[in-house]
Amino acid sequence: MSDTHADLPEPTVEATLPTIVELCKQRGIIFPSSEIYGGFRSTWDYGPLGVELKENVKRQWWRAMVQLRDDIVGLDASILMHPKVWEASGHLANFSDPLVECTRCHKRFRADHLEEAIAAGELASMVCPDCGGALSDPRNFNLMFKTHAGPVDDEGAVVWLRPETAQGMFVDFATIQRTSRKKVPFGIAQMGKSFRNEITPGNFVFRTREFEQMEMEFFVEPGTDEEWHQFWIDERRRWYEDLGIRSENIRVREHEADELSHYAKRTVDLEFYFPDPSMGWSELEGIANRTDFDLKAHEAASGQDLSYFDQAADRRYHPYVIEPAAGATRATLAFLYDAYRVEQAPDADGNLQERVVLKLDPRLAPYQVAVLPLSKKPELSEVSRRVFDLLKVDRMVEYDETQSIGRRYRRQDEIGTPACVTVDFETLEDSAVTVRDRDTMAQERVSIDRLPAYLDERLPRR
């Protein structure tokens, strides 16, 4: 069931969109693509920290959906598929948004987004939000990217960049079921790039034309679909909360009948609160009951049998499908938002100063540990490098010996590193280091030989 929104506590997200964008750019997490050429609209590059964070999000999704279950297997299907896949799936006919164009400045907008802005009081009437000009009548705009395969640029060579990863799991259903020997209920999971020619991309990496998805198709016996649908709604919400999203910042929204996709019996969105006037509560993940639409549609178009034979019941049927569909890029953005804190913390002299800290779950943090020699003196560097080599086998570890130790602590706080290991001159005498906790800033002396076990007790492996 949907949350009763009026009964929910107020969200506690502190950061604004400009704050997150600035943090990401300054720390090399996410920044504009092709920036030396002025950038290219709605394309972003994930830098050294960003790629680690996003990969950790994907790794935790795969761990929860595949590694820890015996009823879900993985797939990596091709981005380019036979054009008939998109005819059968309904994407060529139905995958569109209503487009309007300003008759004065000729900018284009999604009509449904402008209607939502009017309902929210952000726009007074159906006019161009940039110049106030009159808008054209809406017309449908297909969101799929068209390209050509092979050397000839004609209609016979048209192919499409996939707008979702789901269809590969449907067309490969029979092969995967046979080779994996899985019985219904079972699932197929996939992560990968998808492409949508959005009319109005924006809000940083929230809506882009190129993005990464984490989708799973769970095939169930008809009649058990509603129970399984609710199971995955609850399971997926738990996943976000287990990785640090505070419960007040995530909610369940039921799709109304007039917004259901053509294949859906029921769909809910898990929404996250993005504290920006143009975003607010926005979709983080959709969880749909797709019925048996996809398997039957591809069976009819291909002429291949995509039914399932239940040996125990001695009957054949087309499974219903429950689909949790998440965006790796959106999830990464949500984890950044929720982890962002501004706190008062004492400096080396005991004076309170402001510190920015990303309280990311250690399983998501780009670096789990930073090794910080107190100075660049060779004798400290030598020991520090040995500590780095000791820890890097099992964890992502950063080595940093630039600037004062206080500034280096603050830098690690700001990128979410859970633990800092400081090598000082006492280390040369006692073979111990100081371990500083990101959240409490408490420090503890630990012998180097006990350091891996000490960290294992406090920081979960990825």
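By buried I mean under 20% relative accessible area, with exposed over 50% and partly exposed in between, using a 1.4 Å probe and protein chains only. Then there's Cys131, which is in no disulfide either, with the sulfur of Cys102 as its nearest cysteine sulfur, 3.5 Å away. Cys131 is partly exposed, at a relative accessible area of 28%.

Quick word on what you're looking at. This is a predicted model, where local features need pLDDT of at least 70 and side-chain atom pairs count only at pLDDT 80 or more, while totals for chains, interfaces and linings use all residues. Residues are numbered from 1 along each chain as its sequence is written, and side-chain values use heavy atoms, leaving out hydrogens and water.

On to the rings. We get 20 aromatic pairs. Rings of Phe, Tyr and Trp (its six-membered ring) pair if their centres lie within 6.5 Å; planes under 30 degrees apart are stacked, over 60 edge-to-face, and the rest tilted. So what about Trp61 and Trp62? Their ring centres are 6.2 Å apart with planes at 45°, so that pair is tilted. Trp61 is buried at 0% relative accessibility, whereas Trp62 is partly exposed at 27%.

Now Trp239 and Phe335: centres 6.1 Å apart, planes at 70°, so edge-to-face. This pair links distant parts of the chain, with Trp239 in helix 8 (residues 225–242) and Phe335 in helix 10 (residues 328–339), 96 residues apart. Helices here are DSSP runs of H or I, at least four residues, and strands are runs of E, at least two, numbered from the N terminus. Both Trp239 and Phe335 are buried. There's also an aromatic cluster made of Phe170, Phe173, Phe186 and Phe219.

Last stop, helix 9, residues 293–302. Which of its residues are buried? Asp294, Leu295, Ala297 and His298 are. They sit on the same side of helix 9, because they cover an arc of only 165° around the axis, taken from the directions from the helix axis to the C-beta atoms. Covering them are, among others, helix 3 (83–89), helix 6 (166–171), helix 7 (173–180) and strand 10 (210–220), where contact means heavy atoms within 4.5 Å. And just after helix 9, Gly303 has a positive phi of about 80°.

Technical notes
Disulfide = S-S within 2.5 Å.
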